[in-house]
Amino acid sequence: MSEAIIDVKGVSKAYGGVVANHDVSLRVEPGAITGLIGPNGAGKTTLFNSIVGQHPIDGGSILFEGREISRLGVPQIARLGLLRTFQQTRIFSKMNCIQNLQISRSHRSAAWSNMFTHPSREGVEKAERLLEFVGLYSKRMLVAGSLSFGQQKLLEFAMALMNEPKVLLLDEPTAGINPTLINGLIDRLKRANKEFGITLFVIEHNMRVIMNLADHIYCMSHGELLASGTPDEIRDDKRVIDAYLGAHGDGGRNHPRERLPRRRGRCRAVGRRRRPAGRGTACRDPRGDADGAGSVRAGGGPRLPDCG
């Protein structure tokens with residue numbers, strides 16, 4: 001077995017009397033796309049926070065490339081090449097997109113005096129290439145605060161790529177993005193993994209997204225690791241089905257709207273037919289780029305049927 005790039009061993013974390021993680025162990029293989037799923041409150045984001053050094057763990061060990069990092073802070077871990085994105089975007093809303101990427105460039109080998117230098121032409125060109133990669137090139141001079149929520153998430157993704165991470169942890173990357181654009185985001189994540197060699201560790205509630213994206217999936221419930229396996233193994237695991245849907249006797253297998261999706265070549269974000277008026281977001285061309293990204297309106301219906 002090859003050495004894992006992230007190796008979590010018996011990690012526990014509690015807030016007062018609330019146990020968020022209990023004896024969690026998992027491995028993220030280098031060059032892979034690993035998924036982390038589970039119901040709300042399962043402890044997924046707490047685990048992410050522990051890995052990137054946002055808070056100390058109560059017990060266990062976290063290794064990054066064989067090095068213990070559980071006692072390091074966020075800046076130290078980031079300099080090692082381990083970055084994350086958030087459910088809510090962390091951008092500089094009063095700067096334009098190019099400036100957001102410039103301030104996010106890697107500082108691993110830079111001196112402190114470099115902070116006061118003007119951006120190089122090479123840096124600007126790299127920022128433009130990454131904005132084109134995520135579909136925001138036409139918005140490059142716009143103030144980031146004027147972008148839709150979906151576009152801001154794509155900008156945050158480009159900012160992370162600007163830093164040239166070895167591993168990128170993404171917390172619900174498709175949340176708030178217009179369903180017609182989910183396929184494009186999946187393609188970009190896969191390309192970032194393949195073309196840039198970035199290992200991805202992804203929390204995702206949209207089951208059709210994670211089933212089509214990840215090579216290996218872990219499922220958490222009530223702060224503990226419940227199951228792990230390939231997408232097909234997770235889809236057929238009764239423990240996972242019960243954790244999401246509750247016990248239906250048949251595990252929800254015969255319920256037409258409560259069946260975990262099979263892995264497919266592409267995730268169909270929306271069907272080809274137009275939705276009836278007043279039932280969620282209007283149907284748009286699924287081939288659209290990030291220029292049309294936006295937040296999903298309330299009342300759009302459950303996420304599984306919308307993606308399927």
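Reader: Why is A144 called buried?
Author: The relative accessibility of A144 is 0%, and buried means under 20% relative accessible area, with exposed over 50% and partly exposed in between (1.4 Å probe, protein chains only). A144 therefore counts as buried. The model is predicted, so local features need pLDDT of at least 70 and side-chain atom pairs count only at pLDDT 80 or more, while totals for chains, interfaces and linings use all residues. Residues are numbered from 1 along each chain as its sequence is written, and side-chain values use heavy atoms, leaving out hydrogens and water.

Reader: Why is R84 called buried?
Author: R84 has a relative accessible area of 13%, which is under 20%; R84 is therefore buried.

Reader: What makes the pairing of the side chains of R84 and N49 a polar contact?
Author: A polar contact is a pair of N or O atoms within 3.5 Å; within protein, one must be able to donate a hydrogen and the other to accept it, and residues adjacent in sequence count only if both atoms are side-chain atoms. The side chains of R84 and N49 make such a contact at 2.3 Å, and the side chain of R84 makes another with that of D171 at 3.2 Å.

Reader: How do you know that β7 and β8 pair?
Author: Two strands pair if DSSP finds at least two bridges between them. Strands β7 (residues 167-171) and β8 (residues 199-203) have 5 bridges, in the parallel sense; strands here are DSSP runs of E, at least two residues, and helices are runs of H or I, at least four, numbered from the N terminus. D171 has I203 in β8 as its bridge partner.
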